[in-house]
Amino acid sequence: LAGGGGFRLGRGRAAGGPEPPAEPEPGSTDYQLSGGYRFSALDLLVPAAIFLVVFVPDARSLAGRSFLQESLLHWDFYAMGPALAFSHGRALATDAYAMYGLGWPALFGGLAGWMPLSFARMMQIGSLYACLYFAGFYLLLRLLVRRPGLAALGTGVAMLQLFLGFHSEVIWMAPSITVMRWPFDVWCLVALVLYSRTGGRPWALAAGLAIGLGIVFSTDTGLYLGAAAGLWWLATLWASPDRPGVMVDGLVAGAAGLAVLVAGLAVASRGTLFSEAFLRGWVEPLADYRGGFAQLPLSTFPNRATVALFAALFLGYLATLIWALARITAREAGVAETFFASVSVYGLLTLLHFVGRSYDHTPLRLLIPMVLLGAVAAGRALDRYDAGPDGSARRHRVGRFGPLAVAGVGVVAALLLPHRWLVDPVAAYPSALRSAAVGTPDRRLCLLTDPDDICGLLAAMGPAVERVNAIAARLREADRAGRTVAVVDESGSLWYLAAGVAPAHRNPRMFIDIYREQKLRDTLEALRRDPPEVVLTRRALSPDDPALSAWPPGSFGLGPSPGSLYPDTWEAMTRFLGDRYRLEETLDPFEIWTLRES
């Protein structure tokens, strides 16, 4: 990164752009965004290692573990519910509630035409994309620092977020805290770095495309990325007011981002893009979270170490931003300060996730911007160290003892830290490397077949699996007979997926998703206006109900029990069913109700 001085762009600029900068003096640390890319064996080894460590080959068993622990709650909200609706021709946001963004549900729903939807396949695609993401992170660091070893180390530190488990389990149980939640930030930063080095307009275009896709796939983090990139362009224009080509490139990036955003929303909305229902449904999740849904205030959070980590991240980003903005406003900044300011803004905005959902694991998922800043700062410090007197001897010592020192610190940390912090999560992660070393576990019982999904269940759940298949067959039969089917149960999209039918309402996970009185009124009104002919529901299960031995509470939940979070919602649904429907069949604890004739 540039060590100071005026703003500079690199070679390859279109006509009318800035002149290429002069070559830095030998041994100087005043360079652009890299000392120049030179191939290293690590450029092949690191992506291969990423795949072996990150990819999950046996996602069916992972889906089974997630089902037993939390009934696939997070994947249902993140992708499966809206993806099912989209695969059946429904419009996202308009006809299907999409809490996090429209891109992943539209992608998974679109792929259903070539491969059946399954929780396991979504998890596996997520892990495969994580491989690409971290390979891109390594590429970004290779462009930012001179040392391949430092880039590899920074990538490894960023990847630690995969192994620090979620509720003592593998992180892929909750896609909202994986890189799927901010999938295009690394590609936007790569494009901006390459634009800074070359001045090529195609890289400005690529940055805009990444921002647009980021908003489509994850609305809130995409907006954070757009704000950070917007600051980058403003700072660039401020630093080079006499270069009109930079302004044109910024407009090109903005136009590209807007175009891909509109195109993505148009595909997801299935022609309802400019309707009030779509626009209201698209921003509904942002309004929900702003209004306090599932907020865990910092002032009541018990873990002081977690709050201290959040404070350290906040102060680190803020201090970096103030320093960079001071240099930029004084027109003393180089590309480095512009880059630091943008990444700091992005890091500050991502911390909003912890402000809203103050779990112990949340700050650990938000370290990637800080890892990026730390790696670049370390690279600059090492370059200044090499550039001092006796630089050749210094470089020799760093190259010889640096990797050994890092490896030693890692070994000591693994030995001294409690195993539950790092060793156990790494050992439990179902990577391709682990599968090759210890083999794939016996999947045993699968809840769903064709394709096999949610596998590795306990043998004691055999009767429950048979009942699931019987209920799914009953719903499938009703659907083939032309009767509309609805599920009023906490299990959400599982029944729609098993039966192969379209969700009957915007909120497939009926109870936990209807967390406001207005949502309940809207849902009841929609059901009254267009009542389904067949309804699957469940009787209330008390904690000591014998049925729980076959239906573990982690898998299907306690259902509409008096001690649940939603007794009022269940009471309203019960009244609705009693007024309009009759009980046709009981498959304990589930019940099938049919619409009374008018």
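Start by selecting residues 432-438: this is helix α19, and Leu-433 is found in it. Helices here are DSSP runs of H or I with at least four residues, strands are E runs of at least two, and both are numbered from the N terminus. You are looking at a predicted model, where local features need pLDDT of at least 70, side-chain atom pairs count only at pLDDT 80 or more, and totals for chains, interfaces and linings use all residues. Residues are numbered from 1 along each chain as its sequence is written, and side-chain values use heavy atoms, leaving out hydrogens and water.

Stay on Leu-433, which is partly exposed at a relative accessible area of 46% (buried means under 20%, exposed over 50%, partly exposed in between, with a 1.4 Å probe and protein chains only).

Next, move to the core. Show Phe-134, Trp-172 and Ile-454, which touch the most other members among the 163 residues of the largest nonpolar core (buried Ala, Val, Leu, Ile, Met, Phe, Trp, Tyr and Cys residues joined through side-chain atoms within 4.5 Å). Helix α5, residues 119-144, gives the most to this core, with 15 residues. Around Ile-454, pick out its contacts (heavy atoms within 4.5 Å), including Arg-60, Phe-67, Phe-119 and Leu-494.

Last stop: the strands. Select β4, residues 590-595, where five of the six residues are buried. Strand β2 (residues 534-538) runs antiparallel to β4, joined by five bridges; pairing takes at least two DSSP bridges. Find Leu-536 opposite Ile-592. Strand β3 (residues 581-587) also pairs antiparallel with β4, over six bridges, and Leu-587 stands opposite Phe-590. A two-residue hairpin links β3 to β4.

How values were computed
Lists of a residue's contacts leave out its neighbours within four places in sequence.
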